[in-house]
Amino acid sequence: MMSKADTHVHTFYSGTTNLKVLRFPESTTSPEEQVDAARRNGMNVVCITDHDEIAASFRAQKYAKQFSDIDVVAGEEIKTADGEIIGLWLNEKIEPGLSAEETIDIIRSQGGITIAPHPFSFYVSCLKYRIFDLDLDAIETINGGHVDEWTNNMAAGCWKNNTKRWAQIGASDAHSVRTAGYTWTEFPGQGEDDLRKAILEKTTIACGRPAPVFSQVQWSLEVVTQGQKMILQKMFGCLDEDDDNPLVQKTINLSLSKKLVALAGGFVYCCPPTPFIATWLSTNWLKKKSVELRDQLRKTFDY
């Protein structure tokens, strides 16, 4: 029997992203919504892996106890000094900023498993060629958030030349339910114990494809509009200040000037044709950069 797992999923515990002077949430999706989405998409296991945070994992595990068809694994996507590393089967948060080796040692001390997410990304923090000298259990050969032609192909090529070194992983890297379900890992058995065994025995299979560009656009509009909604709720006294959503607490602590800048920037971004122009520009940049990296690789190895 083969089952499906998504080993890389984010919630609103993943904090905010910097866009020059503007800051928008990485995700506005709750842990419970990601569990529900994983079930709808046929996953038997979902791993909650927020940026430098583990609280959502425990919240998702508590919520999922009512279901018999899905397991939730506690994880974290940790920003090390050398690039991001995912730790799964954790029981405590691991602080960012340590070396890759120190981070891996802490993951191991908790009985965890180590994965290199999007190891060859050229626009997200990653380990790149350091995967060859670190104690990693797996690498993502299909990352659902990377639509470029370089990142996943490079990772898949490295795995094919080193099949006994790492397990192959397909993961959505979903920051929204709109981008979940397109990418997954298949493994023999059922449940988190069998997934863990499959990763260690390198019997996993990376499946699926990156989420469509349109879904990525939907996610970007979602986080911007939801961020604006919370700011307006705060300004009009309608925001529940006892809500344990960390984005609510961030919104409460924003100065008035930052609130106004965020509202103005969000309005500009959401107003057509801005999102379509931004999508066209970013898609073309990804294509151009992928070609440059491919040509550089061919020139380096003379083929």
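The legends below accompany close-up views of a predicted model.

View 1. Glu77 belongs to strand β5, which spans residues 71-80. Glu77 is buried and yet has no salt bridge, and the nearest side chain of opposite charge, that of Lys79, is 10 Å away. The side chain of Glu77 instead makes a polar contact with the side chain of His51 at 3.3 Å, and another polar contact, also listed at 3.3 Å, joins the side chain of Glu77 to that of His118.

**View 2. Trp166 and its contacts.** Trp166 is found in the loop that runs between α4 (151-160) and β9 (167-171). With a relative accessible area of 0%, Trp166 is buried, because buried means under 20%. Leaving aside residues up to four places away in sequence, Trp166 touches Ile131, Phe132, Leu136, Asp137, Ala138, Ile139, Cys158, Trp159 and Lys202. Trp166 and Ile115 are 51 residues apart in sequence, while their C-alpha atoms are 9.0 Å apart in space.

**View 3. Helix α1 and the elements that cover it.** Helix α1 comprises residues 31-40, and its buried residues are Pro31, Glu32, Gln34, Val35, Ala37 and Ala38. An α-helix has 3.6 residues a turn, so residues three or four places apart point the same way. The cover over the buried residues of α1 includes β1 (2-9), β4 (45-48), α2 (55-64) and β5. After α1 comes Gly42, whose phi is positive, near 80°.

**View 4. Arg108 and its two aspartate partners.** The side chains of Asp135 and Arg108 meet in a salt bridge, with an N to O distance of 3.1 Å. Asp135 lies in the loop between β7 (113-116) and β8 (138-143) whereas Arg108 lies in helix α3 (residues 100-109), so this pair ties together parts that are 27 residues apart in sequence. Arg108 also forms a salt bridge with Asp137, in which the closest N and O atoms are 2.7 Å apart. Asp137 is likewise in the loop between β7 and β8, so its pairing with Arg108 in helix α3 ties together parts that are 29 residues apart in sequence. Asp135 is partly exposed, with a relative accessible area of 46%, and Arg108 is partly exposed at 28% relative accessibility, whereas Asp137 is buried, with a relative accessible area of 13%.

**View 5. The salt bridge between Arg178 and Glu222.** The side chains of Arg178 and Glu222 meet in a salt bridge, 3.2 Å from N to O. The pair links distant parts of the chain, with Arg178 in the loop between β9 and β10 (183-188) and Glu222 in helix α6, 44 residues apart. Arg178 counts as partly exposed at 40% relative accessibility, while Glu222 is buried, with a relative accessible area of 16%.

**View 6. A network of salt bridges.** Asp82, Glu101, Arg130 and Asp133 are linked in a network of salt bridges. A search of the whole structure finds 12 salt bridges.

**View 7. A nonpolar patch on the surface.** Leu232, Met235, Phe236, Leu256 and Leu260 form a nonpolar patch, and together these residues have about 510 Å² of accessible area. The elements that give two or more residues to the patch are α6 (213-235) and α8 (256-270). Phe236 lies in the loop between α6 and α7 (246-252) and counts as exposed, at 66% relative accessibility.

Conventions
Residues are numbered from 1 along each chain as its sequence is written. This is a predicted model: local features need pLDDT of at least 70, side-chain atom pairs count only at pLDDT 80 or more; totals for chains, interfaces and linings use all residues. Side-chain values use heavy atoms; hydrogens and water are left out. Helices (H or I, at least four residues) and strands (E, at least two) are DSSP runs, numbered from the N terminus. Buried means under 20% relative accessible area, exposed over 50%, partly exposed in between (1.4 Å probe, protein chains only). Lys and Arg count as positive and Asp and Glu as negative; His and the chain ends are not counted. A salt bridge is a side-chain nitrogen of Lys or Arg within 4 Å of a carboxyl oxygen of Asp or Glu. A polar contact is a pair of N or O atoms within 3.5 Å; within protein, one must be able to donate a hydrogen and the other to accept it, and residues adjacent in sequence count only if both atoms are side-chain atoms. Contact means heavy atoms within 4.5 Å. Patches are made of residues with over 30% relative accessible area and no salt bridge: like charges are joined within 9 Å, nonpolar side chains (Val, Leu, Ile, Met, Phe, Trp, Tyr) within 5 Å. Accessible areas come from the Shrake-Rupley method with a 1.4 Å probe; for residues, only the protein chains shown count as cover.
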